Amino acid sequence: MASMSTVSPKTTPFLSHPLTKSHSLTATTTVSFPSNSRSRTGKTTLSVRSALIEPDGGKLVELVVPEPRRREKKHEAAELPRVKLTAIDLQWMHVLSEGWASPLRGFMRESEFLQTLHFNSLRLDDGSVVNMSVPIVLDIDDEQKALIGGSTRVALVDSDDNPIAILSDIEIYKHPKEERIARTWGTTAPGLPYAEEAITNAGNWLIGGDLEVLEPVKYNDGLDRFRLSPFELRKELEKRGADAVFAFQLRNPVHNGHALLMTDTRRRLLEMGYKNPILLLHPLGGFTKADDVPLSWRMKQHEKVLEDGVLDPETTVVSIFPSPMLYAGPTEVQWHAKARINAGANFYIVGRDPAGMGHPVEKRDLYDADHGKKVLSMAPGLERLNILPFRVAAYDKTQGKMAFFDPSRAQDFLFISGTKMRGLAKNKESPPDGFMCPGGWKVLVDYYDSLSLTGNARLPEKVPV
């Protein structure tokens, strides 16, 4: 469980230095999209501008109480009915507090929950629509509901019963768990990792309201310096003079196929007419399923990727996205894209089966591999975001490196799945030269070696980065 502590200045992301030359692009230029990218509006042109994309709703929501009022708010919280947060609840509170879900100002009330569940969007007071595809809600049980009684406010507390937030103007409503699962995942089959962790045994009620977080969220795991808020990311991107920001979401170690996709995207943006496209390499930092590589090891592996020059640290910002992972496919990928708008990204790289997983019961994928990118191109409230579907990369045996797949010579390519990659690392076998940088591969081998030493399915302890 994360803890709350006083504000401390954050360092810049690792190997993330200001550019030596500043760039200013004040003119507006019209350029053409390459044929293999997709404009959300259906047009073939876009305007190149220097300013970052506006957050949803026009203003970034920040829900952390200002320093001068924290003592007062803590005294208020001490007198209120209490709701204890789980680790996943706290991750969602973190998401809300920094504005990743802007313009949402707290855990969802029923109207917001229903709009999200049925429309994947929220209609604002001015009639405009923003995307919101996954419910961000807080559950309570019958006993907690009775203790709250007629109070209009509650204190949210951590695992040690320390007040960490206040929820005001609350609304309590029924938690339709089966419907929530069915509409979010498209199935109610048993074995959905997030649903089993956070919904199936959750309370029968949901509580929504306006959120005030008493202090910035800190996890004290050695990685807090990488958890840049949307506001901090926007400052970093502006400092670098970014005129385009392309986001790449991942929950796995970076191999050279990923790197090829990211460097090729930058090349395409330069061809469009942008002068200084910046990559936001944005690993997911919240809940993941048991067989995923833990965040601390992934961050260590990402560091080696930049150290080995696979990605350019001058044009890459590495930061942690605090959201939990739902594995909800086309529904969830909308959330991943929308949150990056609020961080300043105007391009989003999407690949095969984003946010997908295998069916928990049957031997097949849960989602069609192409539906994620198709849904993003049509999703309500994402019209301002440019979707960049990436080409399939595989290991080219003739070149000894990762390359874009050429179906005319399919026999020359080797597809190394995540299962295959994990199997090689577990057995301390090396992949083909050029699949992953040596330093990054060693981190992966060390992780699985640590599992065998402890006898655990997943290593719980943190690793210093």
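Which side chains meet in a salt bridge at 3.5 Å, N to O? The side chains of Glu76 and Lys73 do so, and the views below begin with this pair. The model shown is predicted, so that local features need a pLDDT of at least 70 and side-chain atom pairs count only at pLDDT 80 or more, while totals for chains, interfaces and linings use all residues. Residues are numbered from 1 along each chain as its sequence is written, and side-chain values use heavy atoms, with hydrogens and water left out.

View 1. Lys73 is buried, with a relative accessible area of 6%, where buried means under 20% relative accessible area, exposed over 50% and partly exposed in between (1.4 Å probe, protein chains only).

View 2. The structure holds 29 salt bridges, including one between Asp221 and Arg227, whose closest N and O atoms are 2.8 Å apart. Asp221 is buried at a relative accessible area of 16%, and Arg227 also counts as buried, at 6% relative accessibility. Another salt bridge links Asp291 with Lys289, the closest N and O atoms being 2.9 Å apart; here Asp291 counts as partly exposed at 42% relative accessibility, whereas Lys289 is buried at 18%. Salt bridges that share partners also join Lys73, Glu76, Arg153 and Glu212 into one network.

View 3. Five strands form an open sheet in the order E4-E8-E9-E10-E7, and their pairing is mixed; two strands pair if DSSP finds at least two bridges between them. At the edges, pairing on one side only, are strand E4 (82-84) and strand E7 (139-140). E4 and strand E8 (residues 153-157) pair in the parallel sense over three bridges, and the bridge partner of Val83 in E8 is Leu156. Helix H1 (residues 70-78) lies across E4, E8, strand E9 (163-174) and strand E10 (205-213), running at about 50° to E9; axes are lines fitted to C-alpha atoms, for helices over the stretch in contact, and angles run from 0 to 180 degrees between N-to-C directions.

View 4. Another open sheet of five strands has the order E14-E13-E12-E15-E16, with parallel pairing. Its edge strands are strand E14 (316-318) and strand E16 (386-389), each of which pairs on one side only, and neighbouring strands are turned by 25° against each other on average, direction ignored. Strand E15 (residues 347-350) pairs with E16 in the parallel sense over four bridges, and Val350 stands opposite Pro389 in E16. Helix H8 (residues 256-272) lies across strand E12 (244-250), strand E13 (277-283), E15 and E16, running at about 165° to E12.

**View 5. The largest nonpolar core around Ile136.** A nonpolar core is a set of buried Ala, Val, Leu, Ile, Met, Phe, Trp, Tyr and Cys residues joined through side-chain atoms within 4.5 Å. Of the 83 residues in the largest nonpolar core, Trp92, Met93, Phe107, Ile136, Trp185, Leu211 and Trp335 touch the most other members, while helix H2 (residues 87-98) gives the most to this core, with six residues. Ile136 touches Trp92, Val95, Leu96, Ala101, Leu104, Phe107, Met108 and Trp335, not counting residues up to four places away in sequence; contact means heavy atoms within 4.5 Å. Apart from this core lies another one, of 25 residues, among them Val254, Leu281, Val305 and Leu306.

**View 6. Arg340, a buried residue without a salt bridge.** Arg340 has its place in helix H10 (residues 329-342). Arg340 is buried yet has no salt bridge, and the nearest side chain of opposite charge, Glu332, is 8.5 Å away; Lys and Arg count as positive and Asp and Glu as negative, whereas His and the chain ends are not counted. Leaving out residues up to four places away in sequence, Arg340 touches Ala247, Gln249, His282, Phe321, Ala345 and Tyr348.

Note on methods: Helix = DSSP H or I, 4+ residues; strand = E, 2+ residues; numbered from the N terminus. Salt bridge = Lys/Arg side-chain N within 4 Å of Asp/Glu carboxyl O.
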